Amino acid sequence: MQKFIPSTVFYTPDALNARGQKALLSYPGALHEEIKQHNRLPQLTDNHFQIKSNVLVLGRLKTLVCRESGRSSDFIAPSLANGCMGACAYCYVDRNKPVNPITLFTNTEEIMLAVDKHVQQQPWPKVPNQTHPQYYTYDIGCNSDVSVDAAISDSVQTAVEFFREHPKAFATFATKFVNPELLAYDPQEKTRIRFSLLPHKVSKLVDVRTDTLEKRVGAINDFYQAGYGVHVNFSPVIVYDGWLDDYRELFEQLNEAVHPKVKEQMSCEVIFLTHNQWQHEANLSINPKAEELIWVPEVQETKRSQFGGINVRYQHQLKSQWISAFRKLQQEVIPWCPIRYIF
Ligand code: SF4
């Protein structure tokens with residue numbers, strides 16, 4: 001995984017608990033600057049993409065709310081962090097945010113306490129569902145990439161240990177990075193990692209600064225061996241001439257690489273591409289080739305998002321046909337990897 005070495009670290013005074021101080025001291029060469037609020041940064045001269053790799057913010061999360069999910073997990077835990085050093089052309093985490101550096105929330109214990117309070121209010125035993133037959137599942141990586149966060153502090157390790165010991169709660173997160181440090185966390189099957197996979201040639205173009213597809217596929221067995229549940233996340237699915245041939249190749253790659261024991265527990269989730277007008281305009285100057293693939297108005301329709309931005313997604317009828325084609329291919333090549341949901 002590419003090393004994250006920020007040149008500036010902003011921090012709020014209330015973020016400087018032992019974890020925050022340690023994170024601050026890990027970047028002695030960076031400019032350290034105190035700020036009042038983690039979401040109000042001073043004017044920065046770097047562009048959006050440079051800021052993602054050059055700036056770290058240490059803050060304390062005050063709104064400790066678990067939200068409903070129902071897809072990748074039952075609930076979304078309060079964020080351990082927000083932002084990511086990757087620069088994927090379609091990233092929804094960045095949408096409508098002029099700057100979005102990694103903001104690490106150092107009050108992990110308070111965040112886990114909020115999860116504990118929340119899960120204790122749920123009926124028990126849980127009614128089994130597609131997220132887990134027994135435990136309540138919490139996505140801990142909806143606003144960041146947890147593998148990257150784990151390289152900055154022990155917050156992810158603390159979270160994995162919390163879920164390991166918890167009698168009712170289970171953690172899950174999707175990632176596009178391979179951080180071998182996570183292999184030592186001993187999750188004892190109480191954390192599920194979902195490796196996000198796109199066909200090789202598309203991934204090279206749109207997954208910027210992430211680990212390669214080959215690395216992610218190559219890590220699956222190791223993470224299972226280390227005690228993680230391992231699923232795959234086919235998202236976003238990008239449609240272009242020959243997309244199904246490329247998915248066939250990807251499925252065959254998985255078929256080859258995944259150990260039979262790992263196959264027995266693996267499922268997948270599939271989300272077709274959505275994109276965003278603001279993001280499209282920002283990408284045009286730095287990754288125009290990616291835009292040719294993901295901004296295709298002839299087959300897309302627009303939708304105003306709940307945050308006011310203009311999102312685009314594939315036209316409904318076309319998408320229904322493509323979903324059927326995807327399902328058929330999955331049944332043919334990787335029938336051992338059932339689809340948990342697809343849309
Ligand atoms: S790795 Fe995930 S969170 Fe990071 S930029 Fe890519 S899509 Fe966004």
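1. The residues surrounding the ligand are Cys84, Gly86, Ala87, Cys88, Cys91, Asp145, Lys176, Phe177 and Thr210; a residue is near a molecule if one of its heavy atoms lies within 4 Å of it. By class, this shell has 5 nonpolar, 2 polar and 2 charged residues. The nonpolar class takes in Ala, Val, Leu, Ile, Met, Phe, Trp, Tyr, Cys and Pro, the charged class Asp, Glu, Lys and Arg, and the polar class the others, Gly among them.

2. Basis of the values. Residues are numbered from 1 along each chain as its sequence is written, and side-chain values use heavy atoms, with hydrogens and water left out. The model being predicted, local features need pLDDT of at least 70 and side-chain atom pairs count only at pLDDT 80 or more, while totals for chains, interfaces and linings use all residues.

3. Salt bridges in general. The structure holds 15 salt bridges, the term meaning a side-chain nitrogen of Lys or Arg within 4 Å of a carboxyl oxygen of Asp or Glu. Salt bridges also link Asp139, Arg194, Glu269 and Arg340 in a network.

4. Aspartate 74 and lysine 126 form a salt bridge, with 2.8 Å between the closest N and O atoms. The two residues are 52 residues apart and link distant parts of the chain: aspartate 74 is in the loop between β4 (67–68) and β5 (75–76), and lysine 126 is in the loop between α3 (108–120) and β8 (136–139). Helices (H or I, at least four residues) and strands (E, at least two) are DSSP runs, numbered from the N terminus. Aspartate 74 is buried at 9% relative accessible area, and lysine 126 is buried at 6%. The cut-offs are under 20% for buried and over 50% for exposed, with partly exposed in between (1.4 Å probe, protein chains only).

5. Helix α5 to a loop. Arginine 164 and aspartate 186 meet through their side chains in a salt bridge, 3.8 Å from N to O. Arginine 164 belongs to helix α5 (residues 155–165) and aspartate 186 to the loop between β9 (169–175) and β10 (191–196), so the pair ties together parts that are 22 residues apart in sequence. Aspartate 186 is partly exposed, at 37% relative accessibility.

6. A pair within one helix. Why are glutamate 264 and lysine 261 separated by about one helical turn? They are separated in this way because they lie 3 residues apart in helix α9 (residues 260–265). Glutamate 264 is exposed, with 62% relative accessible area, whereas lysine 261 is partly exposed at 43%.

7. Sheet. An open sheet of 5 strands runs in the order β2-β1-β3-β7-β6, with mixed pairing. The edges are β2 (31–34) and β6 (81–82); each has a single partner strand, so one side of each is left without a neighbour in the sheet. Two strands pair if DSSP finds at least two bridges between them. Strand β3 (residues 55–59) pairs with strand β7 (residues 102–105) in the parallel sense over 4 bridges. Valine 57 stands opposite threonine 103 in β7.

8. Backbone points to check. Tryptophan 124 and proline 125 are joined by a cis peptide bond, with omega about 0°; proline 125 is in the loop between α3 and β8. A cis peptide bond also joins serine 235 and proline 236, with omega about -5°, and proline 236 is in strand β11 (residues 229–237). Aspartate 186, although not a glycine, has a positive phi of about 55°. Glutamine 188, a residue other than glycine, has a positive phi near 50°. The loop between β9 and β10 holds glutamine 188, which is partly exposed at 49% relative accessibility.

9. Leucine 213. This residue lies in helix α7 (residues 213–225) and is buried, at 2% relative accessible area. Leucine 213 and aspartate 46 are 167 residues apart in sequence and 29 Å apart in space, C-alpha to C-alpha.
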